[in-house]
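Here are my notes on the model, as numbered points. Have the coordinates open while you read.

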Amino acid sequence: MKTVTRRELLKKTAIMAAGGAILLNRPVCTWAIDGSASSRVVLIRNQQLYAGGDTPDAAVCEQMIDEAVCRLTGYKTPAEAWASIIKPSDTVGIKTNQWNGLPTPPEVNETLKARVLTVGVPEDRVSVDDRGVKQNPVFRDATALINTRPMRTHAWSGVGTLLKNYIMFAEKPSDYHEDSCSVLGSLQELPMVKGKTRLHILVMFTPQFHHVAPSKFSEEYSWKYNGLLAGFDPVAVDSTGLRIIEAKRREYFKEDRPLNPPAKHIAAADTRYHLGTSDPSKIELIKLGWDENSYV
Amino acid sequence: MCCIWRYVFVVCSICLSGMVYSQKVEVMKHLPEQFDGYKVSEWLDYEGEALYDYINGGAELYLSYGLTGMTGCKYSGEGLPQITVEIYEMTSSANAFGVYTQSRDREEIEYGQGSQSFDDFVLFWKDRYYVIITSQKIMPESVKAIHHLASLVDRAIPKTGDKPAIVNVLPQKNLVPGGYLYFHHYIWINAYLFIADYNIINISSETDAVLAKYGDADARCYLLAVEYSDADTAKAACKQLKDKFAPESTDARSKLQLEDGTFFMTWTQEKLLYAIFNGNSSGQVEELYRLTVKN
């Protein structure tokens, strides 16, 4: 794998005469694959998501997902948009995340499942699961996957991402911890996964931008961003989420504070595994809804 | 003869593991089964890589500091947020201190030999133990409870331990309070600023390293110190760093102003490699160099 140092980034930045310090703590986007078409990512935010308290409003959540999927696919109605993603003949696994501190909100899981059912997939061929995916018969027979999870900082991979969310498909997840999880992109080659993912949704309702302990969700280090990111390219979606996390860290700590360790796996998914685009200049970001402090 | 040594080894191993086990049990004995509306809902006991079962990839942080085991428990109470007590036992007090430096943002000594508290967590280190007590939500009862438990665990750990000797090389002038990290896994070299995405200076479990912040946030520079097994190894690592960061420098300490206007410098002193990154001026770097050498 190509390696990179601070000095090499400085030289590159000097040549580009742009980007400066922002690039330095974020090597992710500096060596993206060339020549690929831009990847579309939809960011949607809604200020009313938590208007009722600490639980996301289910109706607002549904509306956000529908609008994001419409803009992502280019279809006018959610029915058309979902029909372009899932076929009635599909068997669909919705890979969620159950981490105790910050799980995928049930409102997101339920909306995704409801939309898959609306397309005409029978209920017994749709399943939402995380740690049991390897044994789950729906996932074992799946023809389509939907990948969804919240973003948070992570003690070994830098950030918990859509790319990382598939680690539960691995026979032995710890085999993917090497070099601060830089090999996570290879999960996409697993037979249960390869070529099956139809949609990625990175939940940014209350992302966690810093942590004090791997096992602990910290209210102090999370905030109501009220957003979600949707796309077909997991690298582009994760890369955009990472930019939001990094911007929040700069704002909170009042200094550049790189992720520790850096989220190498996002860059590697681009350059080593060619799964998508991590370079923001090659990502078509469509922003919908509430824009205040969106950070991207 | 060989058999005798094997016998001695087995007996020693049994005794040592027994000692470690009894110490863990001793600390745990001080945790109440119930108090102030809380009751133990689950006991925790993980050793080595079994910690993956508890926190998946997050376990690597502790494993990179020589984790021997984690014990603790979860407390639940009606209408109260769940509280979790995690007592991580490391191979040395230096390693317990190292894990602590990964988490703390400021220096407090309310508990143990160094601690940090928010309303929803207390963390501290003492001897070979790194302790985290967290509550799922913040309520007045839970805030009181986590501090009560922190006091109990603190008292249950009978002695203190030494910080790693390498932290003594850090000059105190302009050192950011709580702004240094002790480690011996290359992954953590980028904790404060991005340096390299690979093991550029051969950091391993046999090397002690410390990375420290100096100066105000708007004029921040960083000092890295790594102790190797011998001077030749330190020199070889220093050459690798120089080759990547300042190959054109003619300065004996590889001092060089980089493309972003900041100053870099690296040198060795006996078994130690030093490097200064992000210096704001030649004078700042020279002063930090002078103070470090004097140490």
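1. Let me start with the helices of chain A: α3(A) and α5(A) are oblique to each other, the label for whatever is left once angles under 35 degrees are called roughly parallel, over 145 roughly antiparallel and 65 to 115 roughly perpendicular. The axes of α3(A) and α5(A), the latter covering residues 106-119, come within 9 Å and cross at roughly 55°. Axes here are lines fitted to C-alpha atoms, for helices over the stretch in contact, with angles from 0 to 180 degrees between N-to-C directions. Helices are DSSP runs of H or I with at least four residues, strands are E runs with at least two, and both are numbered from the N terminus.

2. Some housekeeping: this is a predicted model, where local features need pLDDT of at least 70 and side-chain atom pairs count only at pLDDT 80 or more, while totals for chains, interfaces and linings use all residues. Residues are numbered from 1 along each chain as its sequence is written, chains are lettered from A and ligands numbered from 1 in the order in which they are written, and side-chain values use heavy atoms, leaving out hydrogens and water.

3. Back to α3(A) and α5(A): their crossing is right-handed, meaning the near helix is turned clockwise from the far one by less than a right angle, with anticlockwise giving left-handed. On the α3(A) side, Ala58(A), Cys61(A), Glu62(A), Ile65(A) and Asp66(A) meet Glu107(A), Val108(A), Thr111(A), Leu112(A) and Arg115(A) of α5(A), where contact means heavy atoms within 4.5 Å. Sorted by class, that contact has five nonpolar, one polar and four charged residues. The classes: Ala, Val, Leu, Ile, Met, Phe, Trp, Tyr, Cys and Pro are nonpolar, Asp, Glu, Lys and Arg are charged, and the others, Gly among them, are polar.

4. Helix α3 (residues 58-73) of chain A also packs with helix α4 (residues 78-85), their axes coming within 9 Å and crossing at roughly 65°. This crossing is left-handed. From α3(A) the contact takes Ile65(A), Asp66(A), Val69(A), Cys70(A) and Thr73(A), and from α4(A) Pro78(A), Ala81(A), Trp82(A), Ser84(A) and Ile85(A).

5. How do α9(A) and α10(A) run relative to each other? They are roughly antiparallel, because the angle between helix α9 (residues 234-253) and helix α10 (residues 264-271) is about 150°, with the axes 10 Å apart. α9(A) passes α10(A) in a left-handed crossing. Val235(A), Asp238(A), Ser239(A) and Leu242(A) in α9(A) meet Ile266(A), Ala269(A) and Asp270(A) in α10(A). That makes four nonpolar, one polar and two charged residues.

6. Check the loop between α9 and α10 of chain A, where Pro261(A) is found. A cis peptide bond joins Asn260(A) and Pro261(A), with omega about -5°. For context, most peptide bonds are trans, and most residues other than glycine have a negative phi.

7. On the phi side, Asn174(B) is not a glycine but has a positive phi of about 65°. Asn174(B) sits in the loop between α5 (140-156) and β8 of chain B and is partly exposed at 47% relative accessible area; buried means under 20%, exposed over 50% and partly exposed in between, using a 1.4 Å probe and protein chains only. Asn278(B), also no glycine, has a positive phi of about 65°, and its place is in strand β13 (residues 272-279) of chain B.

8. Met168(A) is worth a click: it lies in the loop between α7 (162-165) and α8 (178-181) of chain A. Met168(A) is buried, at 13% relative accessible area. Beyond neighbours within four places in sequence, its contacts are Lys95(A), Asp130(A), Arg131(A), Val133(A), Lys134(A) and, from chain B, Asn56(B).

9. For chain B overall, there are seven helices and 13 strands, and buried residues make up 56% of its 295 residues. The C-alpha atoms fill a box of roughly 65 × 60 × 30 Å along the principal axes.

10. Last, two serines in chain B. Ser93(B), in helix α4 (residues 93-103), is buried at 12% relative accessible area. Ser205(B), in the loop between β8 (175-183) and β9 (208-214), is exposed at 55%.
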